[in-house]
Structure formats: structure tokens, C-alpha cells
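Visitor: I have some time to go through this one with you. Can we start with the chains and then look at individual residues?

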Amino acid sequence: MTLSKRVFPVAKICVKNNLPPHLLLSLGLLTGAFLIMWPCYWERDDTLFFFLTFLPLTGILLLTPLFLPEQDRDTLDVIRMRATPLALIFSVRAVCGILFLLALPAGALLVLSLLHCEISSGLWSEAVSCSLFLGGLGALCYALWENLPAAYLVPVLYFILCNMTGRERMKEWGLEAFCIAPNGQDYIPGLRPALLVGGLLLLLAAILLRCRRKRNG
Amino acid sequence: MFWKELKKGAFSIPFLLLALSLLIFYQSQMDLYLSEGKKITEPQPGQESYGLVHSRNPELIMQGALNSLTQEFAENRYVTYPWGFLRNVRLGEPEQDKMAELLSQLSGVPKEKILANSKNWNFEVGVGVIMSSDGTMTTAEPQNTGKLSPAEGLSFETFQELMNEADRLLGGGTDYQAERLSHFAFDVKTYEDALAEYEAARDIDRFTGAHARLFCDYMTIFCAFLPAFLMVSEALRDRRAKMQDLIWVRRVSSLRLTLTRYGAAVLLSMVPVLLLAGIDTVRSALLYAGEQIDLLAYCKYTLGWILPTVLFSCSLGLVFTELTDTPMGLIAVLALWFVDLNRGMREMDGGYGGFVLMPRHNTLMGADVFQGNFGDLLANRLLYTAIALALVGLSALILEQKRKGRWMSLDAFKTRISRGKDLREE
């Protein structure tokens, strides 16, 4: 069987069955954020604050429940019996999640530009880096503990501690990754690319860990 | 059964994460409310400054509010807080024109002149609060920037009405609402004011009460959502382990089952907070050695202030989990928490009444303000406790229906769908 014949059915099932609830939640979150904040004629810093407050959360919603279908033992048994390797199934699922994760900030940017907001360059990539990192963190926690509430809790806590409790008080814990400096710059230069790479590595680690466990278990 | 639940919960990942995050948060905030620098000391006559207090002087308020509105008008960038979130509003030309009309009525300067001159105004002195790294706040006093002053003979009542109109034009949620206008002006505290505050802290709070209040103000922020994660994890445990059917057929009542699990989650959530409160009691006793302090203050405040929030957080997580068999409750709790947190940002020096999930009193002083609002706080806490208990009752009811096969749970729904498919295939 060719690779494409193995990949497409997995992707189809993922988009049809696995992703919709999480995607709906992400869309609900963004719609709520837009309705409450109603961005209109915003300046660069306001757009940046809005974007980096709400968009990273979509990563948690889309990527953390990466292994949710296999939580059901029967589903796992069926998947294990098939010829398609587990790693491929998880990777395809992760790629599907990432594609939506790339699309959501792009859509949000489009809406913001239609509402005449100033948009700084690199905003999309910043949002993607942050959401990928948080999602990767959640996925790894899920792979480690198989406990979805706990897996959600870690990236949520990380985000809250970084973003909302103030840089001055959190820097001694190294939790200033999501703090936004007044001029829109990172407090730690080069941190955003590191978050992107870190997010991908976390996802990779989560998939490998999960495959190893499921093969043995 | 309760001890079994307690033991399982105590060794679960969500509880360990809850305890760890409370500890991190406590460690990061404690020097803001309990340290040598935060010790309440008697003010001495002749001190350079005794701090600031919101003014009640209409003249100062009018000038301060007008300065702010003039500056925002010139920049066409108005600060508003719809749902508590900071949102900068930019008005279109017709609305700016209306605002110029309002400014004209407020200042007595013709609208055309305001519109023509506003582009050249330069605001170097703003009205604002500056927060330093140690958390202390200082503020720039309202000054006449030389741009606009209240019109001759303008009464405070008319001023309030016009400012309310400006608030409506901006979509609401601004500090120009009549009840928030005092935020634009500050008076310098006198020695007598500072002494009265100190005496209130000593006699009403017996020092520890003031610190305990601030402890609760901080800890409630995390206690409003962390317990829900523990509760949802515990509620989903049977489903995860495929033990639901085994437990459901047992003779134990649904109410007892729900209460046991809920009670264990609430107790586990409160244990780290009570331990931290105990540590702070000892630290307070050492800080105020030789003074008369209330050794039970932390315990009383923690149980009265934080416990109802924990009860509600757990119950909301529980009822959503019973309803949907998914962690959907977490989304509901986090959304509510986010809105409430942002709303509370505007009431840092005292927000207790109504439907406030996380009451705020982000200052050591103000024992008299707290005492004056105690009835509101009590009503609020009792309301949340009652709602929490009602939600637990509802959860028990849903569980009972699920056990009888009458409730359409996610599992039942999936089973019916797959049975339907099987039948169609046959």
C-alpha cells in the first residue's frame, strides 16, 4: 500500500470525526473574543495584545487531545491490529491539527484587517509559535499521564503564569515567555522561534512516547 | 468510601499540579502582602507622605475627568472596559463630532475651536496610576493641562450627566460613569487619615486580618479554577478506567456517590490553601511579635472567603462532566474565571457584592471599608455556596438518571448510534 493510500484515510477520519469538536471550541473561543473585545481601528499594540492573549489558546484546544480516540481501549485494539503504524496515524492527526492551527490565526488576521486594525509584521508567526508550544506541551502531558484534565491544566497554567501574573514576579521562575513588552518586542530576544521549535519537539516527543507505550501496553 | 476517594485524589496528577501551582503562585506573591516591608506600622507626624486617597472634591474630580477625556479626544483613543477587558475605542468622525459637542458643553469652549485646536494639543502630564516593581502604586495628581477647564457655573450634577453621556457614546464600561468619576482625582492623605487607618488595622483587623484578606485576595484567583480540574479528573476517572458500570450497579445512592467524590475534591483543594494559611499565621506572629494579633484570622478568612469559590468551581466542573461525560466543564469554568478576573481588575481596592466569583480587596488597609461591605460579601459568599450545593444536587440527579438508563449520556448516545448502524447493515 502506498503512503498516500495510508495517509488520506487517516486524515479523512481525523477531519471528519476527531477534530470537529475541538475546532468548534476554538472557533467559539475566537468568536467570543471578537465579540467581547470588538476590535475596530486598533493600533499595533492593541492588536498584538489581543492576538497573543487569545490565539495561543487554540493550540491547547486543538493539539492537547491528540490521543483522545485511543483512550477507548477498544479503539486502540482496532488501530493496533491495522497495518498502518501508530506513529503515522498520530503524525497525520498532528499535522491536521497544525494545519487548522495555522489557518485560525490567518483567519483572525483577515478579520482584523477588515476591521481596519493595524497589524505588525510577524504577528501570525508569533501566534503560531505560541499556540504550537502550548499545544505540544499539552500533548506531551497527555501522552505521559493519559489524563485529559491534567494535560489541559499544564499549558493553561503555564499560559496564565506567564501572561497574567506580571513579568516582574514571574521572571525568577523563567515564566516570561508570553509576556509582551510595551513596544511589542519579546523580553527575551529569539524566544518566539525557540517556542516554535520547542513546540514541534514536544509534539514529536509526545508521539514517540505514546507509540512506545501503546506498543508495549 | 470517602477515604478511598481522598486517597485516590491525593495521589492523582491534577492534585499534585494544583498543590505545585498554588505553591509557585504563593511564593511569587507573598512578599507583596506579608514581609518586613509590608508590616503595618504606626504613622509618625511630619512624614514626607502618607499616601493618596480617592478624592470627593467635585472641583478636583471635574478637572481630572475633563483632562482625561480631553486627552483621549485629542488622540481619538478612549480607554473602555467592556466585560472588564481593556479595549481602546476609536470613534468615527460623526461620533468624534458628538464628543466635541459634549466637551464644549463641559468646558464652555465652542465646538469648532475644540476641533481646530485639538490636533495641536500636547499632553505631557497624564492622569494615571503607576505601579512600581514592588507593587506599590503612585499617581499623578490631576492638573489643569491648560487645554480645557470645566465651564463657569457648571454644576457637578450636570457634569455627571454629561460624562454619563460620553460613556454611552463610547459604548459603556468607561471611568466616565458617574459612580467611577472619583477615580480621576486623588487627595493627599493627612496624618490624621493615616493614623485612623492604622488604628482600624490594629483594632478591627488586629494586623493579621489585613494580611489574611490580601492572602485570600491573591489565592482566590487560582482557587477559582484549579479545583475544577481536580473535580473533572475525578469525575471522569470511572469512565477512563471503564469502571462506570461496576460502580453504577452498586447499592450506594447517587447522592452519596456524588457527595463523596465532591467532598473529597473540595477537601483536597482546600488542604494546600489551609497549609499555606497556617504558614502565614506563623510568619505573621513572628512579624508582629509583641502585638495583639488574631491567630485565627487566616483560618476564618480562608474558610469564609476562599471555600465558597472552591465549592462553586468544583460543582460547576462536576455538573458539566455529569451532563456531557467530557471535560467541557473546564471550558465553562475558565471562561467564567477569565471574565471575572478582568472585571475584578477595576475593583482592586474593594469589590465584594453581586455575582463576583473572586471578591477583591487588594490592599492591606481599608479595614473600615471591608467592615462596611461585610454584609455584601457575606451575601455573595452564601449565594455561591447555595448555587454550588444546588449544582451538586443536580449532578446527583443526572447521575441517578444515567444509572437508570434514562439520561442520554455521551456513551449512551455513541452506543445507540453504533447499534443503529449495525441494524442498518443487517
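**Contacts, interface and charged pairs**

Guide: This is a predicted model. In chain A, residues 24 or more positions apart account for 77% of the contacts with a separation of 6 or more.

Visitor: What percentage do you get for chain B, between residues at least 24 apart?

Guide: In chain B, 77% of the contacts between residues at least 6 apart in sequence join residues at least 24 apart.

Visitor: How many helices and strands in chain A?

Guide: Chain A has eight helices and zero strands, and the pattern along its sequence reads α-α-α-α-α-α-α-α.

Visitor: And how many in chain B?

Guide: Chain B has 16 helices and six strands.

Visitor: What about accessible surface, and how much of it belongs to carbon and sulfur atoms?

Guide: For chain A the accessible surface is about 9,600 Å², with 67% belonging to carbon and sulfur atoms. For chain B the value is about 20,500 Å², with 58% from carbon and sulfur atoms.

Visitor: Switching to the interface. How many residues are in contact between chain A and chain B?

Guide: On the chain A side there are 34 residues, in contact with 37 residues of chain B.

Visitor: What area is buried there?

Guide: About 3,200 Å² is buried between chain A and chain B, and carbon and sulfur atoms give 73% of that area.

Visitor: Any charged or polar pairing? How many salt bridges across the interface, and how many residue pairs in polar contact?

Guide: The rule finds two salt bridges across the interface of chain A and chain B. One of them joins the side chains of B:R77 and A:D46, at 3.2 Å from N to O. Six residue pairs are in polar contact between chain A and chain B.

Visitor: Which helices of chain A supply the side that touches chain B?

Guide: Helices α1 (3-37), α2 (44-63), α6 (148-164) and α7 (167-170) of chain A each supply at least two residues of that side. The largest share, 11 residues, comes from α6(A).

Visitor: How does that side of chain A split by class?

Guide: The side of chain A that touches chain B has 22 nonpolar, four polar and eight charged residues.

Visitor: Now a single residue. Where does A:E118 lie?

Guide: A:E118 is in the loop between α4 (86-114) and α5 (123-145) of chain A. It counts as partly exposed because its relative accessibility is 41%, which falls between the 20% and 50% cut-offs.

Visitor: What is A:E118 in contact with, leaving aside its neighbours within four places in sequence?

Guide: The contacts are A:W42, A:E43, A:R44, A:T47 and B:R90. A:W42 is 76 residues from A:E118 in sequence, with a C-alpha to C-alpha distance of 6.0 Å. A polar atom of the A:E118 side chain lies 3.5 Å from the backbone nitrogen of A:R44.

Visitor: Over to chain B. Where is B:N67?

Guide: B:N67 lies in helix α3 (residues 58-75) of chain B. B:N67 counts as buried, at 4% relative accessibility, and its side chain makes a polar contact of 2.8 Å with that of B:Q63.

Visitor: Back to charges. How many salt bridges over all chains?

Guide: The count comes to 21 salt bridges over all chains. Among them is B:D325 with B:K402, whose closest N and O atoms are 2.9 Å apart. This pair links distant parts of the chain, with B:D325 in the loop between α12 (297-324) and α13 (328-344) and B:K402 in helix α15 (residues 374-403), 77 residues apart.

Visitor: Are B:D325 and B:K402 buried or exposed?

Guide: B:D325 and B:K402 are both buried. B:R213 and B:D205 are buried too, and they form a salt bridge with closest N and O atoms 2.8 Å apart.

Visitor: What about B:K404 and B:E400?

Guide: Their side chains meet in a salt bridge at 3.4 Å, N to O. B:K404 is partly exposed at 48% relative accessible area, and B:E400 is partly exposed at 26% relative accessibility.

Visitor: Which residues are linked in a network of salt bridges?

Guide: The network links B:E5, B:E234, B:R237, B:D238 and B:R261.

Definitions and conventions. Residues are numbered from 1 along each chain as its sequence is written. Chains are lettered from A and ligands numbered from 1 in the order in which they are written. This is a predicted model: local features need pLDDT of at least 70, side-chain atom pairs count only at pLDDT 80 or more; totals for chains, interfaces and linings use all residues. Side-chain values use heavy atoms; hydrogens and water are left out. Helices (H or I, at least four residues) and strands (E, at least two) are DSSP runs, numbered from the N terminus. Contact means heavy atoms within 4.5 Å. Accessible areas come from the Shrake-Rupley method with a 1.4 Å probe; for residues, only the protein chains shown count as cover. Buried area is the accessible area (1.4 Å probe) that two parts lose on being put together, summed over both. A salt bridge is a side-chain nitrogen of Lys or Arg within 4 Å of a carboxyl oxygen of Asp or Glu. A polar contact is a pair of N or O atoms within 3.5 Å; within protein, one must be able to donate a hydrogen and the other to accept it, and residues adjacent in sequence count only if both atoms are side-chain atoms. Ala, Val, Leu, Ile, Met, Phe, Trp, Tyr, Cys and Pro count as nonpolar, Asp, Glu, Lys and Arg as charged, and the others, Gly among them, as polar. Buried means under 20% relative accessible area, exposed over 50%, partly exposed in between (1.4 Å probe, protein chains only).
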